[in-house]
Amino acid sequence: MVMKKLISAVLASTLLAAPAAAAGLEGLFQNDMAFAKLVTGTVSLYEAKDALAETPECGLLDRKYFRQFSLVEAVKVLQPCVDGVSRRSGMNIKAETGVVREATDSEGPVMGIVLRTGDASITSEGMRDLSYSLRQRNFELLGHPVRVRRASDEAASRKSAAQEALDSCMLTTVLRKIESSADFINAYGKCITSSDALKVKELRPAPNRELGVLALSSASDVVVQSLNGAVSVNSQDGPVTVLIIAYPETFSLPK
């Protein structure tokens, strides 16, 4: 009963004050509208955008094609789009082939498209929009899985011990096309098999892996394990990453 009387008194005082405050209500309403617009504008600045959809050079990504692009082809086709996103975002993005998912106990590593973003901050607008764009496409572009890798992530990516042999190799003086594992073996295979430390006896294209190579080594188990990982080499079309999967010489390489 007391609460009802209190409510009635408040309503009565509000109604009596209404005529005097009428002029102020309009100003209050306008202030509220201005504040709402300010909040909306501020929030929109932090909303993720589809950077790929908003970049004209990326229009080819959502088209349907008559055949599946190979991984190397996909990287070449994607680069103009990546260049466009770089210009709009201020980041320096490069598309490469590489390992997009590390090996697990149940399956081997997965090769795909790696988007290198340099030193871009993970909280930057460009990174936010790029991540959102890839999520909208289930982290797949032109039929291949995609992974974003910043410079600070490089320490976490496993490199094969064969990289040192490739870097110091003087056998290859002419850059060639590398679009398959066989191309890599033809161009750089001797750099690996010539290494006394690695003792690689045989290299063979990995089954069902476009840029994967099987290596058979007579070295110690430690060296064989160190061979497992990725190597990066130059080709006519730019850097290419190849996955090395090593076995001791007591094994027969899978066909």
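User: What makes the disulfide of Cys169 and Cys191 left-handed?

Analyst: The torsion about the S-S bond of Cys169 and Cys191 is about -65°, so this disulfide is left-handed. The pair links distant parts of the chain, 22 residues apart. Cys169 sits in the loop between helix H4 (162-167) and helix H5 (181-193), and Cys191 sits in helix H5. Helices here are DSSP runs (H or I, at least four residues), numbered from the N terminus. This is a predicted model: local features need pLDDT of at least 70, side-chain atom pairs count only at pLDDT 80 or more, and totals for chains, interfaces and linings use all residues. Residues are numbered from 1 along each chain as its sequence is written, and side-chain values use heavy atoms, with hydrogens and water left out.

User: Why is the link between Cys58 and Cys81 called a disulfide?

Analyst: A disulfide is a pair of cysteine sulfur atoms within 2.5 Å. The sulfur atoms of Cys58 and Cys81 are 2.0 Å apart, so the pair qualifies.

User: What makes the disulfide of Cys58 and Cys81 right-handed?

Analyst: The torsion about its S-S bond is about 90°, so the disulfide of Cys58 and Cys81 is right-handed. Cys58 lies in the loop between helix H1 (2-45) and helix H2 (71-89), and Cys81 lies in helix H2, so the pair ties together parts 23 residues apart in sequence.

User: Are Cys169 and Cys191 buried or exposed?

Analyst: Cys169 and Cys191 are both buried. Buried means under 20% relative accessible area, exposed over 50%, partly exposed in between (1.4 Å probe, protein chains only).

User: Which pattern do the disulfides of the chain follow?

Analyst: The pattern is 1-2, 3-4, with bonded cysteines counted along the chain.

Methods: Helix = DSSP H or I, 4+ residues; strand = E, 2+ residues; numbered from the N terminus.
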